[in-house]
Amino acid sequence: MKETIVTKNEEGYKLKKICTRFLSNAPVSFIYKMLRKKNIVLNDKKATGDEVLKKGDVIKYYLSDETIDKFRASKPAEVSKQKREGSEKNTDAPKIPIIYEDEDVIFAYKEEGVLSQKAKPGDYSMNEMIIDYLLHKGDISEESMEMFRPSVCNRLDRNTSGIILASKSPAGARALTSVIRSRELKKYYKAVVPGEADLEGIYRAYLKKDEKTNKVEISEVQGKDMSLIETAITLSEYNDDKDMSLLEIELITGKSHQIRAHLAYLGYPILGDIKYGRSIKLINTVYNNKYGIKSQMLTAWKVVFPIADQTDDAVLKRLSGKQFTCRLPKAYSKIFKCTGR
């Protein structure tokens, strides 16, 4: 007999889903047969499989060890190891700046040069860092990740720094996914551009991505496969001596490379941006040599959650109306005075 206790990560799922995950090589017909014969019971009572589970519920499998081993794909630790194979995992808890954390979500600061999610097996991204952090804390286990794996819910370009939002539980994943998709989450960035930027207001255009070159094209006129983009821009500070502008940007739509490409299209490519900053190549070289600026000076520095008084979602209620900010990289302070939160 095998007994499992429902954790927060399994809460809200139906019993049949948990059983098919646990006995992943078993036919569905076998699961239903075992439920009918009371070889699988919930809280010591006969179950149909449609019961919605709560934290603390007890599932008992009155099956032989041989049967359980036969229908188990592999042990939990082995499953987790296979999924993370190739990642250069640290044995010590990763040192990531935590901006906010509760039982369902975790917000952390991503340095420039770090991937949000790994692109190839050998990458060690923010996603793996957060999982390792939670494993070291004991908030999750290798076994719990069979059912649910914490995951980054928003992506930043490798060389864009700033706030990463990640889920720790299914409830957190649902809440973050819904608020991001609905565009109710306000996302603000700081960017440095050469010149005194004559930009103020909401700018609209159309964007198309070339997957082969991983580069986007911006146009005032909608063409084939082009999506509408909206970018709100405000001048926060201008340094007359260095002829540099610090912009605050609200990302209204969230398309790939939107801010970088849109600013370049408007005549103000971001300092340090090699891909969209060919027109300021000389300036980029000067600032690279003088200040070590090797990548785009773009930071996702603030998120603001909507007022959630009309929802039953406990996670969104907890985050209702709250805003979270992160520090700006030290390079900003070499150009501007106002670089704090």
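Mentor: Rings of Phe, Tyr and Trp (its six-membered ring) pair if their centres lie within 6.5 Å; planes under 30 degrees apart count as stacked, over 60 as edge-to-face and the rest as tilted. This is a predicted model, where local features need pLDDT of at least 70 and side-chain atom pairs count only at pLDDT 80 or more, while totals for chains, interfaces and linings use all residues. Residues are numbered from 1 along each chain as its sequence is written, and side-chain values use heavy atoms, with hydrogens and water left out.

Trainee: Which residues do ring pairs link into a cluster?

Mentor: Y100, F107, F305 and F324.

Trainee: How many aromatic pairs does a search of the whole structure find?

Mentor: Eight. One of them is F22 with Y61, stacked at 4.4 Å centre to centre and 25° between the planes. F22 is in helix α1 (residues 15–22) and Y61 in strand β4 (residues 58–61), so this pair ties together parts 39 residues apart in sequence. Helices (H or I, at least four residues) and strands (E, at least two) are DSSP runs, numbered from the N terminus.

Trainee: Are F22 and Y61 buried or exposed?

Mentor: Both are buried, meaning under 20% relative accessible area with a 1.4 Å probe, protein chains only; exposed is over 50%, and partly exposed is in between.

Trainee: Changing topic, what sits over the ring of W301?

Mentor: The charged end of K190, 4.7 Å from the ring centre. The criterion is NZ of Lys or CZ of Arg within 6 Å of the ring centre and within 35 degrees of the ring normal. K302 lies over the face of Y188, at 4.7 Å from the ring centre.
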